[in-house]
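Welcome, and thanks for taking a look at this one with us. Here is a short briefing to read alongside the structure.

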Amino acid sequence: MKTRRQDVDELMMSEAALEEVSVLSSIYCRAGEFRLLQSAQDGLTVQINSTVGGGERGLDVRLLFHLHPDYPSCPPAISVSSTGLSRTQCHDIRQKLLDQAAALPPEPMVHQLVEWLQCVEVTESCRGGEEEGKDRETEEEWTAVLSLDHIRSRNRYVGLLERWTQQLQLTGRLLLGRSILVILQGARPNIKEFCRLLKTVKVDVDSSGKKCKERMMKVLIESPSSSSCGHSLQGFGVKNYESLPELTAAFQEINMTELYQQILPSLRD
């Protein structure tokens, strides 16, 4: 079986970066705490699930550290998300991490940044209540990626998807290939309604030609949209792809590479 180190040797990363990834996988070894996301052209992305604030009242956060091929000569790019913090608060924490990284010497720093974050004090004003969370769902723009099982009656299916996005004031992309993906942007309640329609309306036909519902639909990811992860989509578009590199390029075209890296393990299952 290949080790994490062997898996990433061909990415032309520095010896220090490869050694750090190996160390991080040993430190953050609990289930779901560490994940290595690979991107052969742009370096490595390390995901670490940690806390901010420390102690019993610490809030769970998901941290993404993108290590460029010349890291640690340059600081990592960082993304922060959390179900317990608002989008603005995650942005503030991200900026603090970036400032801290910029102040450190050019050497492996991911573990140091995570430890620093765990000691940052979080005041009550930084904690989102249930009502505030519901308001954010309605006011903020969310991005979701859905996986569909099959599309046999293409004209009918695609027509319904486009009509629903218009009715629910959503924008999106349908990517057709080995995996059938729907990228949606808009208010979270409207995205949830879109998913409900998929599972309750007969949108396609089964192998025998009978009309059927999309019961096998899966939500691969759902999170507040971030200017650092992409930009707002326009309308509803359909794109065919034939290979994984073409799928990668499709996400790059809409500046959603980070989102793609997060769902990539699900696509390989």
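Which residue forms a salt bridge with E33, and how far apart are the closest N and O atoms? The partner of E33 is R30, and the closest N and O atoms are 3.1 Å apart. Please keep in mind that this is a predicted model, in which local features need pLDDT of at least 70, side-chain atom pairs count only at pLDDT 80 or more, and totals for chains, interfaces and linings use all residues. Residues are numbered from 1 along each chain as its sequence is written, and side-chain values use heavy atoms, with hydrogens and water left out.

**Overall picture**

- The protein has 9 helices and 11 strands; helices (H or I, at least four residues) and strands (E, at least two) are DSSP runs, numbered from the N terminus.
- Of its 269 residues, 45% count as buried; here buried means under 20% relative accessible area, exposed means over 50%, and partly exposed is in between, with a 1.4 Å probe and protein chains only.
- Taking contacts (heavy atoms within 4.5 Å) between residues at least 6 apart in sequence, 63% join residues at least 24 apart.

**Salt bridges**

- The whole structure holds 4 salt bridges, each being a side-chain nitrogen of Lys or Arg within 4 Å of a carboxyl oxygen of Asp or Glu.
- Back to the opening pair: E33 is buried, because its relative accessible area is 10%, whereas R30 is exposed, with a value of 61%.
- E222 and R188 also meet through their side chains, at 3.2 Å from N to O. This pair links distant parts of the chain, with E222 in strand β10 (residues 218–224) and R188 in helix α7 (residues 188–200), 34 residues apart.
- E222 is partly exposed at 25% relative accessibility, while R188, at 17%, counts as buried.
- K239 and E253 form another salt bridge, and their closest N and O atoms are 3.8 Å apart. K239 lies in strand β11 (residues 236–240) and E253 in helix α8, so the pair ties together parts that are 14 residues apart in sequence.
- K239 is partly exposed, with a relative accessible area of 33%, and E253 is exposed, with 54%.

**A positive patch on the surface**

- R156, R163, K202, K210, K211, K213 and R215 gather on the surface in a patch of positive charge. Two or more of the patch residues come from each of α6 (154–167) and β9 (211–213).
- Patches are made of residues with over 30% relative accessible area and no salt bridge; like charges are joined within 9 Å, and nonpolar side chains (Val, Leu, Ile, Met, Phe, Trp, Tyr) within 5 Å.
- Lys and Arg count as positive and Asp and Glu as negative, with His and the chain ends not counted. The place of a charge is taken as NZ of Lys, CZ of Arg, CG of Asp or CD of Glu.
- K211 sits in strand β9 and counts as exposed, because its relative accessibility is 54%.

**Backbone points to check**

- Most residues other than glycine have a negative phi, and most peptide bonds are trans.
- Y71 and P72 are joined by a cis peptide bond, with omega about 10 degrees. P72 belongs to the loop between β3 (59–67) and β4 (77–81).
- Q169 is not a glycine, yet its phi is positive, near 55 degrees. You will find Q169 in the loop between α6 and β6 (171–176), where Q169 is exposed at 68% relative accessible area.
- N255, also not a glycine, has a positive phi of about 55 degrees. N255 is placed in the loop between α8 (244–253) and α9 (257–268) and is partly exposed, at 44%.

- I221, in strand β10, is buried at 8% relative accessibility. Leaving out residues up to four places away in sequence, I221 touches R62, T143, A144, V145, L259, Q262 and I263.
- N155 is in helix α6 and is exposed, at 72% relative accessibility. N155 and D204 are 49 residues apart in sequence, and their C-alpha atoms are 9.6 Å apart in space.

Key:
Accessible areas come from the Shrake-Rupley method with a 1.4 Å probe; for residues, only the protein chains shown count as cover.
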